[in-house]
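Please read them alongside the sequence and the coordinates.

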Amino acid sequence: MITITEKAKEKIISVLIEEKATMIRFGLQGGGCNGFTYFFAVEEKQEEDDFEFPLDETHKLVVDSASSMYLEEATIDYKKDMMGESFVFNNPSQK
């Protein structure tokens with residue numbers, strides 16, 4: 001199960017509101033020699049085999065079934081400091 005911190009939820013929801021959307025996809029895509037890379041994409045359609053993670057009453061994060069097996073214990077966090085702001089991914093399954 002993916003854990004989404006409160007800071008990450010707040011940021012994702014603010015992005016979705018700005019984009020006038022209710023759903024964002026989180027997953028992995030091939031990254032060549034460096035392996036997989038994480039991605040977010042605003043979505044309009046949920047696939048039948050997607051896993052759903054509610055963020056609040058109207059917004060949700062979805063993960064495709066292929067990515068989910070690599071993200072089972074992952075944590076999505078968000079940090080903002082003097083160096084900038086970014087999402088931080090902690091994935092014990094990552095090698």
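1. Two strands are taken to pair if DSSP finds at least two bridges between them, and helices (H or I, at least four residues) and strands (E, at least two) are DSSP runs, numbered from the N terminus. The model is predicted, so that local features need pLDDT of at least 70 and side-chain atom pairs count only at pLDDT 80 or more, while totals for chains, interfaces and linings use all residues. Residues are numbered from 1 along each chain as its sequence is written, and side-chain values use heavy atoms, with hydrogens and water left out.

2. On these terms, 4 strands form an open sheet in the order β3-β2-β5-β4, and their pairing is mixed. The edges are β3 (36-43) and β4 (51-54), each of which pairs on one side only. On average, neighbouring strands of this sheet are turned by 25 degrees against each other, direction ignored.

3. Within that sheet, β2 (residues 23-30) pairs with β3 in the antiparallel sense over 8 bridges, and Gly27 stands opposite Phe39 in β3. Gln29, which also lies in β2, has a C-alpha 7.2 Å from that of Phe39, at a sequence separation of 10 residues.

4. Is Gln29 buried, exposed or partly exposed? With a relative accessible area of 42%, Gln29 is partly exposed, where buried means under 20% relative accessible area, exposed over 50%, and partly exposed in between (1.4 Å probe, protein chains only). Leaving aside residues up to four places away in sequence, Gln29 touches Gly35, Phe36, Thr37 and Phe39, contact meaning heavy atoms within 4.5 Å.

5. A further open sheet has 3 strands in the order β1-β6-β7, again with mixed pairing. Because β1 (3-4) and β7 (84-90) stand at the edges with a single partner strand each, one side of each is left without a neighbour in the sheet. The strands β1 and β6 run parallel and are joined by 2 bridges, and Thr3 stands opposite Thr75 in β6.

6. Finally, Tyr70 lies in the loop between α2 (65-68) and β6 (75-81), and counts as partly exposed at 39% relative accessibility.

Methods. Axes are lines fitted to C-alpha atoms, for helices over the stretch in contact, and angles run from 0 to 180 degrees between N-to-C directions.
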